[in-house]
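Please look over the sequence and the structure before reading on.

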Amino acid sequence: MCRWLAYTGSPIYMDSLLLKPEHSLIDQSRRSQRLHTGMDDQSQAAFFMNGDGVGLGWYNDQDEPGVYRDIQPAWNDHNLRSLAQHTQSSLFLAHVRASSGTAIQRTNCHPFRFEKWLFQHNGSITNFAAVKRDIDLAVDADLYARMEGSTDSERMFYLALTFGLVRDPPRALARMAGFVETVGRGAGSDSPLRMTVAVSDGQRIFAVRYGSGDRAPTLFHNRSTTALKEVGGQRAEIPDDAIVVLSEPLDHISDHWEEIPPSTLLVIDDQKVTTHPFEPIA
């Protein structure tokens, strides 16, 4: 399973969260530990490493966010380290990838970008090959021409765009999930979808934890800025308005983190966190 992180707050150097914490996203690319998705132990072991690519998406004063993606393992990507150490942002997304069967290539690395929107995903569409054609045909023709890779994740993003992500992100994400479940069950799957996703327009972050049945990947957010300042046992340079949503905590102190329940939409807007029930719309 992939690992991802989304940050919003006053500008920080991205390495403050990607490299410096005790259990940073880079460390998670080698040693992820929160894989509760309903898989058996043998299947979980195969997803322990997230070495099939890495990506960053960040906002500044440009019209569109910057994106860096590469197929190298995050722990061995020196360009990533340099970029994170020298780039400040008030909102950024980061992702380390474990392929669920699609090719290891740059266009399959997250986050995906469309105009000012960024999207990243952890999880999978069950038996994706059986439903890929149905999903492709459901994507708006003009949007379909913008897709570059072969992943289920990118198709989920473009389905959401087709269903009105720009106008109403919560409803578009619910319609995307509902469509995937409908075609998945039509192809014989009892549990068509498991996902955590993060999507942003540079002002807001929308994050969803959802899984058919009990197969929702983990998702957390920090309980306080003190939690972020203390990761790694040192007072980090984290601003007082910092909010992080992520697949796995950055340290092993449980009081620092709030687990987001399954079937939940989390919205961060104007540095306020709200949670709402999430239910797919068929």
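The model is predicted, and the protein chain averages a pLDDT of 91.

**Confidence**
- A pLDDT of at least 70 is reached by 93% of the residues.
- Over residues 36-47 the pLDDT is below 50, and this stretch has 20 contacts in the model beyond near neighbours in sequence.

**Overall form**
- The protein chain contains 9 helices and 13 strands.
- Its C-alpha trace spans about 50 × 45 × 35 Å along the principal axes.
- The radius of gyration is 17 Å, which agrees with a compact globule, because a globule of 282 residues would have a value near 19 Å.

- Of the 282 residues in the protein chain, 57% are buried.
- Among contacts with a separation of 6 or more, 69% are between residues 24 or more positions apart.

**Residue G9**
- G9 lies in strand β1, which covers residues 3-13.
- G9 counts as buried because its relative accessibility is 9%, under the 20% cut-off.
- Leaving aside residues up to four places away in sequence, G9 touches S90, D241, A242 and Q271.
- From G9 to D168 the distance is 23 Å, C-alpha to C-alpha, with the two residues 159 apart in sequence.

Technical notes: Residues are numbered from 1 along each chain as its sequence is written. This is a predicted model: local features need pLDDT of at least 70, side-chain atom pairs count only at pLDDT 80 or more; totals for chains, interfaces and linings use all residues. Side-chain values use heavy atoms; hydrogens and water are left out. pLDDT is the predictor's confidence in each residue, from 0 to 100. Contact means heavy atoms within 4.5 Å. Helices (H or I, at least four residues) and strands (E, at least two) are DSSP runs, numbered from the N terminus. The radius of gyration is taken over C-alpha atoms; the globule rule is 2.2 Å times the number of residues to the power 0.38. Buried means under 20% relative accessible area, exposed over 50%, partly exposed in between (1.4 Å probe, protein chains only).
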